[in-house]
Amino acid sequence: MAQSRLTKTERKALLDILGCQHLSLLYKASLHTYNVNAFHYKCNSQGPTVVVGYNASGYIFGGFTEQSYASAGRYLFDNNAFLFRLKGKGQEPSILKFPVKNAVEAVLDNSAYGPTFGANTLVFLSESKNSVTTDANTNSYTLSAEDLHGNDQVLLECEVYRVEGLSSILEKPWREMTWTAKKREALMKEIRTYKPCLGAVPQCRVLLVGPVGAGKSSFFNSVNSTFRGYVSSQAAAGSDSTSLTKQYRTYHLKSGSDRAPLPIIFCDTMGLEAQPNTGLDIEDVRSILEGHIPDRYSFNPSCVMSPNMPNYIKCPSPKDRIHCVAFIIDGSKVEILPEKLEEKLKDIRRKANSSGVPQLVILTKVDQICPIVEEDISYVYKSMAVQKQMRLMEAKLGIPLSHIVPVKNYSSELELRNDVDILILMAVRQMLRLAEDYFDDKPSVNRSTKDCYAEP
């Protein structure tokens, strides 16, 4: 029996990418020969399949299609086809996913060709040899050959697996959730009555940070709406190629008609951008974490905040510091998150870790991940597509799955919704719980706000 070349870790990562339960090895080029006839003999009429290639540079890459090969001599329409990189030069999985751009020509099913994705975007067993050909200039998929396989097109091995157990909805939710109005009110009460265990801190500060367009400001507006009792838009939100947020803003949340202050402050930042010298500078993040940057400070990507600048808070108190970092990530774009942006997020995570600040991920736009969730938010923890995106986020940033929460921000709605509110409130409660872990690590004595807080 043919043995898979995938390690246990690599197989698990591939299962997570595919959102399936099992892989059955159909074809292995080193055993069955690098021949297109052998490929079609083994793989035709097998249903959904994934092709996995390995090269000497250490890359593991390939493509998936839900359609079954039949040597039909035509393109197969597949809106769910995608190319992927499972591993780069490093030892651990390094996942990139390239969704189909033109579903009409997602896969070429032709007896004269091996596995062919797009209009020659990625062709395995080219001319029945141990190689692939790549044309990144087609309109079928958007990708970089360097990102996909490091421009090493000679195959050490090529395997094709039948993909089994594909499903869009799980029988039971993988996280238990109650969607009643009673649950909503209980969450609101828990948040309203929360008090930080560190006496010198009346409210916990949560830093919202994420790529441009991920929904940072929209998340604040959604939380604010839930507690105000109607949809509101205090923070500037919308779509643009660059960050709509230009200043560091601290937003004090209030509840109900009596405008009672809530025990949480959201600190909004400029959005992260992939290009250097654009968007939020990573060095400014360190100053924010330590409490040196004042409210309404205007970010300057070419000049970070320094101690000799006006308004620099030289001696921040415990209440000025950040107590939790929330990465706001567009859940529908996790697989195409640019590597440079991913590195910036990891850099912020390292800085937060060195300061002892806990982090979580708020996965926004979950309704855009799965059509069933779009129709009914209560299916969010039954959706395999949502679960897959959350596990992919876990793999990319190394943040535990228990610290990743999905939300849908208010966007087109004119009235509040119970299911949307519950997801938002669960996210806020998780922030408070993580902030409490931060406070537990600090001295419990009260400090005067005039004292310096010199802990690293």
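This briefing describes strand pairing and salt bridges in one protein structure. The structure is a predicted model, in which local features need pLDDT of at least 70 and side-chain atom pairs count only at pLDDT 80 or more, while totals for chains, interfaces and linings use all residues. Residues are numbered from 1 along each chain as its sequence is written, and side-chain values use heavy atoms, with hydrogens and water left out.

**Strands around β13**

- Helices (H or I, at least four residues) and strands (E, at least two) are DSSP runs numbered from the N terminus, and two strands are taken to pair if DSSP finds at least two bridges between them.
- Strand β13, residues 247-255, pairs with strand β14, residues 260-268, in the antiparallel sense over six bridges, and within this pairing Thr250 stands opposite Cys267 in β14.
- β13 and β14 form a hairpin with four residues between them, and Gly256 in the turn has a positive phi of about 65°.
- β13 is also joined to strand β15, residues 297-298, by two bridges, and these strands run antiparallel, with Tyr248 standing opposite Tyr297 in β15.

- Buried means under 20% relative accessible area, exposed over 50%, and partly exposed in between, using a 1.4 Å probe and protein chains only; Lys216 is buried at 6%, and Asp268 is buried at 2%.
- Asp295 and Arg249 meet through their side chains in a salt bridge of 3.6 Å, N to O; Asp295 lies in the loop between α7 (282-289) and β15 and Arg249 in strand β13, so the pair ties together parts that are 46 residues apart in sequence.
- Asp295 is partly exposed, with a relative accessible area of 36%, whereas Arg249 counts as buried at 16%.

**Other salt bridges**

- The side chains of Glu342 and Lys396 meet in a salt bridge of 3.2 Å, N to O; Glu342 belongs to helix α8 (residues 339-354) and Lys396 to helix α10 (residues 384-397), so placed that the pair links distant parts of the chain, 54 residues apart.
- Both Glu342 and Lys396 are buried.
- A network of salt bridges links Lys408, Glu413, Arg417 and Asp419.

Note on methods
Salt bridge = Lys/Arg side-chain N within 4 Å of Asp/Glu carboxyl O.
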